[in-house]
Amino acid sequence: MPHKRALIVVDVQNDFLPGGPLGVESGNRILPVVGNLIENGQWDLVIMTQDWHPADHVSFASNHPGRNPFEVIDLPYGSQMLWPKHCVAGTEGSQIACVIGTSGADLVLRKGHDKSVDSYSAFCAADGHSTTGLEAYLKAHEIEEIIVCGIATDFCVSYTALDGAKAGFKTSVVMDASAAIDTNDSLAVARAAWKEAGIREVLSTDYT
C-alpha cells in the first residue's frame, strides 16, 4: 500500500507578498504553482500555516525602542532577528492570499501567537520546546511523508522541513512553489542544512 503524504503550505500570506512589509520579491510567481499543487489531489492531507502575531509581538522592531528591522537581539530562548510589524492577527496582511484561499486545506495552523517567542516552523516555536501539535496530528493520520512549500524558502519553509525530518517524516521542499528572501546567503545555508538532514529538493512537476 502506498504511504500517506501531506502537503504543507507555509505562510502564503499577504504581508509576505510584494507590497507587504515583509514582501518577498518572487512571492507572486509561486501562487499559481502552489494553487496547482493543492488542487492536484495527490495528498492525503493539505496543511496551511499562518503567521498570527499580536501587535506587541517580541519579534517586531517597533516594540524595541531604538532598534531597527533586521537587527539581532538576545532573548531568553536565544538570538532573535527583529522584523517589521507583519501578520498581525485578524488584519488583511495576515490573510492567506485570496487566489489560494483555505478551502483546499484540511487544517489551517496558526503560529506565532505567543507574544514572547517567535515561531518559524509549523512544528515548534523558536524556543525549541513549545510545539504546535502538528507532529501528533500528522502521525494520528498515519502520514509518513511531507512535501513543504511556501514563503520564505530559507526561513519558515526551511525550519518546517528541518523539524519534519527530525520528527521522522520523509521530507521534500518544492523549490518552484517556494519563494526565498536569500539575505546573507540564507538560502545556501538552508540548502546545506537540508542536505545534511536528508531533505530532498523537488519541483512541482514531480507531482503531476
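User: How many salt bridges does the count come to?

Analyst: This is a predicted model: local features need pLDDT of at least 70, side-chain atom pairs count only at pLDDT 80 or more, and totals for chains, interfaces and linings use all residues. Residues are numbered from 1 along each chain as its sequence is written, and side-chain values use heavy atoms, with hydrogens and water left out. A salt bridge is a side-chain nitrogen of Lys or Arg within 4 Å of a carboxyl oxygen of Asp or Glu. By this rule the count is 8.

User: Which residue meets Lys111 in a salt bridge, and where does that partner lie?

Analyst: The N to O distance is 2.8 Å, and the partner is Asp11. Helices (H or I, at least four residues) and strands (E, at least two) are DSSP runs, numbered from the N terminus. Lys111 sits in strand 5 (residues 107–111), 100 residues apart from Asp11, which lies in the loop between strand 1 and helix 1.

User: Are Lys111 and Asp11 buried or exposed?

Analyst: Buried means under 20% relative accessible area, exposed over 50%, and partly exposed in between (1.4 Å probe, protein chains only). Lys111 and Asp11 both count as buried.

User: Which residues are linked with Asp11 in a network of salt bridges?

Analyst: Lys111 is one of them. The network also takes in Asp51.

User: Which parts of the chain does the pair of Glu201 and Arg191 tie together?

Analyst: Their side chains meet in a salt bridge (2.8 Å, N to O). Glu201 is partly exposed because its relative accessibility is 36%. Arg191 is partly exposed too, at 39%. The pair ties together parts 10 residues apart in sequence, because Glu201 lies in strand 8 (residues 200–202) and Arg191 in helix 4.

User: Which residues touch the most other members of the largest nonpolar core?

Analyst: A nonpolar core is a set of buried Ala, Val, Leu, Ile, Met, Phe, Trp, Tyr and Cys residues joined through side-chain atoms within 4.5 Å. The largest has 56 residues. Elements that give two or more residues include strand 1 (4–10), strand 6 (143–151) and helix 3 (153–166). The residues that touch the most other members are Leu7, Ile8, Ile100, Leu138 and Ile146.

User: What is Ile8 in contact with, leaving aside neighbours within four places in sequence?

Analyst: Contact means heavy atoms within 4.5 Å. Ile8 reaches Ile47, Thr49, Phe123, Leu134 and Leu138.

User: What is the volume of the largest pocket?

Analyst: On a 1 Å grid over the protein atoms alone, a cavity is a set of points where a 1.4 Å probe fits but cannot get out; a pocket is an open set with protein on both sides within 12 Å along at least five of seven lines; lining residues have an atom within 4 Å of a point. Grid points are joined across faces, edges and corners, and a volume is the space filled by probe spheres set on the points. The largest pocket has a volume of about 560 Å³.

User: Which of the 28 lining residues are the closest to the centre of the largest pocket?

Analyst: Strand 4 (78–81), helix 2 and helix 3 each give two or more residues to the lining. The closest to the centre are Tyr120, Ser121, Ala125, Ala126 and Tyr159.

User: How much space lies in the largest cavity?

Analyst: There is 1 cavity of 30 Å³ or more. Of its 15 lining residues, Phe16, Leu22, Trp83, Phe155 and Cys156 lie nearest its centre. The space in the largest cavity is about 160 Å³.
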